[in-house]
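We will go from stop to stop, picking something new each time.

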Amino acid sequence: MKKNVILYGLAVLLLLGLTVRTARVPGEKKLARTEFLMDTIVNIVVFSRDRQVGEEALRLAFNEMERLEALLDRHLDTSDVAKINRAAGEAPVAVAGETLDVVRKSLQAGAQTGGAFDITVAPVLSLWGFGTDGEKVPSAEELAKALRLVDFQKVMVNETAGTVFLETKGSEIDLGGIAKGYIVDRAAEILLAQGVTSAYLDAGGDIRVIGTKPDGSPWRIGVRHPRNRRDVIAVIELTDCAIVTSGDYERFFVAGDVRYHHIIDPSTGYPAKGLASVTVVAPDAFTADALSTAGFVLGLEAAMDLIESMEDIEAIIVSEDGKVHVSSGLEGKVTILS
Ligand code: ADP
Ligand code: MG
């Protein structure tokens with residue numbers, strides 16, 4: 001499973017590598033750094049006139065991403081999220097401002113998507129065991145029991161005290177559907193604060209671009225074909241925004257000819273049906289990450305309705321039958337390749 005993730009990441013790098021190589025402006029240096037973080041390949045490319053400024057910006061951005069991952073990874077015993085989960089039903093837990101921030105925004109995303117995005121799906125995810133040695137299809141009874149613990153409205157954030165409290169014993173939160181987006185945004189903020197005006201950041205398909213390419217042209221981003229790993233299904237030109245994809249091909253297992261993937265419909269406990277991938281374009285990666293996961297759960301019609309109702313948010317949705325659906329604001333701006 002891990003191998004799949006790595007191959008996917010590499011394919012993204014190759015794709016974007018081709019894109020960036022076309023940009024050659026005298027005096028601009030291209031600086032890049034790649035690391036394995038958040039269970040995926042994270043790649044940042046910065047264009048800078050001053051090599052030292054660019055390198056320092058990269059160093060600070062990666063430091064920040066590592067720091068935030070250590071707070072937000074529920075599988076790490078010392079993380080804020082693990083502490084919150086261990087104290088479920090017992091006591092509020094004092095956490096870092098960033099953790100408070102992600103949890104609060106995640107609850108807003110839950111409300112905004114009618115519960116399609118729900119960070120309390122963790123007990124259900126654990127039953128499925130995606131990405132572990134214990135992958136299996138849970139029994140209906142197991143799922144029903146775990147589902148009783150799922151309700152983002154039972155997560156209490158106390159801004160003044162700086163605490164998060166899970167009201168129900170046994171409940172847990174998982175920020176896997178959102179942490180990458182949040183962390184990519186924070187890294188982008190660091191680059192901006194260091195004076196970087198042209199860069200792209202990619203955390204395994206959670207992409208944010210700063211400014212334009214050094215020659216002033218937009219970044220060309222490829223949307224992966226959900227079934228043919230090596231192919232791109234659409235190409236879009238973007239400046240200063242985020243583009244994030246959720247797909248059923250990133251983490252899944254096959255049992256009895258059925259593909260079970262890691263995006264769970266919180267109303268059933270089963271992987272959401274109907275779509276192969278949802279790509280969302282938004283001003284920031286947090287919004288795009290939440291909406292791509294939620295859109296996947298909502299299905300084509302409800303996802304498009306939600307996207308169309310929001311300003312500055314667009315989507316490219318590939319349904320299970322391979323059809324590509326584009327929101328109205330992107331018509332004429334996307335090249336569909338299949
Ligand atoms: P990826 O992490 O592969 O880029 P997503 O952003 O869609 O893709 O995140 C999927 C992850 O989100 C799952 O691995 C799980 O941790 C979490 N998750 C699954 N279903 C939901 C849901 N309905 N709401 C919120 N988070 C979810
Ligand atoms: Mg997501």
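Here is a short walk through the ligand site and the metal site of this predicted model.

**Stop 1: ligand 1 and its pocket.** Ligand 1 sits in the largest pocket.

**Stop 2: the shell.** Now show the residues around ligand 1, which number 18. Those that come nearest are D174, S246, I264, D289 and T293. Colour the shell by residue class and you will find 8 nonpolar, 5 polar and 5 charged residues. Which helix gives the most to this shell? Pick residues 285-298: that is helix α8, and it contributes 3 residues.

**Stop 3: polar contacts.** At I264, a polar backbone atom is 2.8 Å from a nitrogen atom of ligand 1. For H262, look at the side chain instead: one of its polar atoms lies 3.0 Å from an oxygen atom of ligand 1. Taken alone, ligand 1 exposes 570 Å², and the protein buries 93% of that.

**Stop 4: the magnesium ion.** Select ligand 2, the magnesium ion, and show its protein donors. Along the sequence, the donor residues follow the spacing G-x111-D-x3-T. Finally, colour G177 and D289 to see how distant parts of the chain are linked. G177 is in the loop between β5 (163-166) and α7 (179-193), while D289 belongs to helix α8, 112 residues apart.

Methods. Residues are numbered from 1 along each chain as its sequence is written. Chains are lettered from A and ligands numbered from 1 in the order in which they are written. This is a predicted model: local features need pLDDT of at least 70, side-chain atom pairs count only at pLDDT 80 or more; totals for chains, interfaces and linings use all residues. Side-chain values use heavy atoms; hydrogens and water are left out. A residue is near a molecule or strand if one of its heavy atoms lies within 4 Å of it. A polar contact is a pair of N or O atoms within 3.5 Å; within protein, one must be able to donate a hydrogen and the other to accept it, and residues adjacent in sequence count only if both atoms are side-chain atoms. Accessible areas come from the Shrake-Rupley method with a 1.4 Å probe; for residues, only the protein chains shown count as cover. On a 1 Å grid over the protein atoms alone, a cavity is a set of points where a 1.4 Å probe fits but cannot get out, and a pocket is an open set with protein on both sides within 12 Å along at least five of seven lines; lining residues have an atom within 4 Å of a point. A molecule sits in a cavity or pocket if more than half of its atoms lie within 2 Å of its grid points. Helices (H or I, at least four residues) and strands (E, at least two) are DSSP runs, numbered from the N terminus. Ala, Val, Leu, Ile, Met, Phe, Trp, Tyr, Cys and Pro count as nonpolar, Asp, Glu, Lys and Arg as charged, and the others, Gly among them, as polar. Donors are N, O and S atoms within 2.8 Å of the metal (3.2 Å for Na, K and Ca); water is not among the atoms, so sites may look incomplete.
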